[in-house]
Amino acid sequence: MSIVTKITAVFSFLVLMISTLVGYISYNAGSRLLEETESARLNQALQTVEREFAIMFEGVSADVLFLSDIPALKYIAEYQADYPIQAPTPLTEAELLACSSGTFLGFMQNREFYSQTRFIGRANNGRELIRVERNKTGLQVVKAEDLQEKGTQDYFQATLPLEDNQLYLSSIHLNQEHGAIEIPYTPTVRAATPIHSSNQEHVGILIIDVEMQKLFHKIQQNLPQNMRLYIANQDGDYLLHPDESKIFSFDLGKRHLMQEEFPQTQILFENLQNEFLDISLSSITHPTEENFAYFARMQFSPDKLQNAILHVGILLPHNVATGKWTILMDSLNKALFLCALGILFTFYFAFLLTNPLKKITLAVSRFSKGEHQVDLCLNRTDEIGELARTCQMMANQIRWQLLRLEDEKHRLQTIFNTAAEAIVVINEQGSIESVNHSLEKLFGYKEYELLGKNINLLMPEAFHVDLKEEEQNTTTDIPVRLLNGGQELQGHHKNGQVLQLHVGISEFSIAHGRKFVGMVHDISLRKQAEQALLAERDRAEAANRAKSSFLANMSHEFRTPLNGILGYTQLLRRDAQLLPTQRESVNIIHRSGEHLLALINDILDLSKIEAERLEIVPIELDFRSFIKDLNYLFKARAAQKRVAFMCEETTPLPNGIYADGKRLRQVLLNLLGNAIKFTDQGRVNFQVGLHDGVLTFDIIDTGIGIPDADLESIFHPFHQVENHIQSLEGTGLGLAITRRLVEMMQGTVEVESQEGCGSHFHVAFCFPILNDTSQLQVQESRAVIGCAKDVRYRLLLVDDKPDNRLFLSNFLTSLGFIVEEAGNGKEALEILQQQAIDLVLLDLFMLVMDGFATAQAIRAQTEWQDLPIIAVSAGVFAQQQQQALAAGCDAFLEKPVNTEKLLHYLQKYLGLDWVYEADKTQFDDNGPRPPSNAALLYEYLPRLRECSRHGDIQGILDVLDELPEAEAQSEFFACTRQLVQDIDMQGLRRLLEQAQAEMRS
């Protein structure tokens, strides 16, 4: 399309839009003028209608009041009254009636709209006394024998009770004076007023019947012929309508309403209280034509008349469409004229503008064909001349750019061919369009062997792709799939060798479609290294699984004998008949067993940490009792090495915290135990504080210290400081586990140390603080000796090891339980069927039928659904515990069995109240008495009291060792030794104070 055509089209469009806008404005202005003119005509016609009705209603009201006041009627009223007051006239009643009839007759001669004038008396059921009517022959006075009784008529009943000068105005109806609708139809409205005697007695009414047909005809004659008049009463029934079948249809048994024919007039009937409401409607859609219309409500309230309401509508047919069509054609003619004139001007302007441009176009065309030495300059000073000069400058620049592009093309081709990376260019169909020397070397092909060939030539058959099929199915191809980072593929060397490649694709578009540049890198050596690493990883994972299996088996094997060792030491420690030396031996065995169990737990914890299976389970922890227990424990240990131990609260401590008490205790036990272990003299300070919500623990000792080279490696597994004899004890896992536990609890651990001067470990945690610890359970430290209830509970002990059953059976029997034993799950189910069991202690790993199957079998029976089952096993891995709970066990108790934890579960699931051993520190008349040897007391008692005041446990033991053997075995000194071994310093002080008091007495 030429520029002339484009300019002409654009400006023609603008001219057309402007012409259309002018025509539209002209049409709207003409339409508004037409609407205003016709609306004024409608309003004027409506005023005419309203004026005629107003004149009629005012006239008939005045005539009724005038006739009711004539003297003859006044005298007739006295004759009709029951108790007349005014003196009667000399005329008789008949003469007065005749006189009044003549007055009525003369009055109606000048009132062509009146059809009847009557005086109706109250007597004789409202019999007419005078009636003058207009018929086809003219006016006549109705004879007395033709007068009727009207006492039952609505207008009589409504008018008679009114006061003087009050009027009754009926609605407009067809006349039914003689009991039937008159033919032809006579629309009538009645105006009436009551007649009273001089003593205000109701004697009758005066009524005038107005024939409305003549008034309707007069109104229609005064309106323009093209206007259609609609008149409806207060309810919307038509009184006047172009269609005569709809007039007064409500009197004929069928209603035609204005609001139904013209729904927009509904508002006139819904707001009857609004006296001035009207509605003007333009271009109302009529069933057959378009009209202007005006509807209004006329509310007449002449003096002494009740409200009269009429609804009037006036329509102007035909004129609207005709007038608007005329205006539209006139506006269209104007718009077409302006449009034609504008197009002619536009074409001439385009010709003047484009003629010089054609010269420039011809010159540019020759330039594009290779004639670079063209002259584009025109001798013009306007914008076209500037354009020509600009084109000339562009032509010069293009010539220079072409020369530069030739050089750039040669340089890029050199880079492409000498690049170390193998490069291939392919099109959308996968055909090779260019390769560099590196790709030739990588695949063994020459460039001429690859050009035009499909990319599948360089890939093994397993990587071939049907590009057309793939485009149909997935709308993609190999280059597109290798975008965004590339992909590892296999390549095919010319000699058949398979190459491991990494291929990255970049895309660019040119006029002939998309092209793809592939960067190919040989990763064969890297893939070989990766395969070797994968093999090493598989061997490491296999070794790790073997280690986990070994640890699980060894844990089970160690815990099984330890269950018997620690179980019986717990039973023996409860025996009050043991001698002090025997009790000390049992304590040594128990501590040794616990030490061995701690070593096993350390190894298992490290394994769980490495496998990320160790969980932190926070609980509400009574923090003050927690610190107090640590203080008592390590003060006794420090005393045994004659090392001072000090527990300090650097700030007020919270009552409770929300933390995993077991793991926090494990961390502090490791750090405090190492501090005492590696301190031979001096002191160990344990400082606890709360700073800005951070709970800190500082363990400071004056021990051997740690060399700088070992400060970081001490936290590695199995590492020990090798320059001290004590480093040979333990597994070397304590600090490694400590650091991992601290990190799992979102805390930090730091260490500062100087070799030969001591160490300082700083641990910090952000635990939630619990200030209210009233709900925390306080652990009872006294020994349990039985149940408070008289009921003897029956327990079922299931274990395939007789030694394990014997220990638990002896322990539970000593507390008053009845114990049934089973060697496997099958025997346990048989016992459950024979006897009522209150609780089951179930080992998990047994022959014949293991604990998991046994628990499932128990839960499968309805009568055993609520039977408590406590799993007891040496397998302490979380997976085994979860399997036990999933099988139906209520709790898990690990071996070696901790009797305190077992008592806790028995209390929880059986609802027991324990009976505890009497406190050893309270002595009555039957308690241990001081020895009778006063000299012995004077020698040893002060030293014992002095050591107890300073918490010197080792000093107390040294004093007791100095006693003669006979005295050392006495009840008093044996009890003293037991309190020291139990680290009950408070009970020891009370015992020594009681002995001091008795010695003084």
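Asp63 and Arg111 form a salt bridge whose closest N and O atoms are 2.9 Å apart; the term denotes a side-chain nitrogen of Lys or Arg within 4 Å of a carboxyl oxygen of Asp or Glu. This pair joins distant parts of the chain, 48 residues apart: Asp63 belongs to helix H1 (residues 3-67), and Arg111 to the loop between helix H3 (93-108) and strand E1 (114-121). Helices (H or I, at least four residues) and strands (E, at least two) are DSSP runs, numbered from the N terminus. Asp63 is buried, at 8% relative accessible area, while Arg111 is partly exposed at 27%. Here buried means under 20% relative accessible area, exposed over 50%, and partly exposed in between (1.4 Å probe, protein chains only).

The model is predicted: local features need pLDDT of at least 70, side-chain atom pairs count only at pLDDT 80 or more, and totals for chains, interfaces and linings use all residues. Residues are numbered from 1 along each chain as its sequence is written, and side-chain values use heavy atoms, with hydrogens and water left out.

**Salt bridges**

The structure contains 20 salt bridges. Side chains of opposite charge can pair when their charged atoms come close.

| Pair | N to O distance |
|---|---|
| Asp63 and Arg111 | 2.9 Å |
| Lys494 and Glu449 | 3.0 Å |
| Asp800 and Lys801 | 3.8 Å |

Lys494 and Glu449 form a salt bridge at 3.0 Å. Lys494 sits in the loop between strand E15 (487-492) and strand E16 (498-510) and Glu449 in helix H12 (residues 447-450), so the bridge ties together parts that are 45 residues apart in sequence. Lys494 is partly exposed, with 42% relative accessible area.

In the pair of Asp800 and Lys801, Asp800 is partly exposed at 26% relative accessible area, and Lys801 is likewise partly exposed, at 35%.

Beyond these pairs, a network of salt bridges links Arg118, Glu128, Arg131, Glu133, Arg190 and Asp209.

**Nonpolar surface patch**

Ile18, Val22, Phe337, Leu338 and Leu341 make a nonpolar surface patch of about 480 Å². Patches consist of residues with over 30% relative accessible area and no salt bridge, like charges being joined within 9 Å and nonpolar side chains (Val, Leu, Ile, Met, Phe, Trp, Tyr) within 5 Å. Accessible areas come from the Shrake-Rupley method with a 1.4 Å probe; for residues, only the protein chains shown count as cover. H1 and helix H9 (319-368) are the elements giving two or more residues to the patch, and H9 supplies the largest share, three residues. Phe337, in helix H9, is exposed at 57% relative accessibility.
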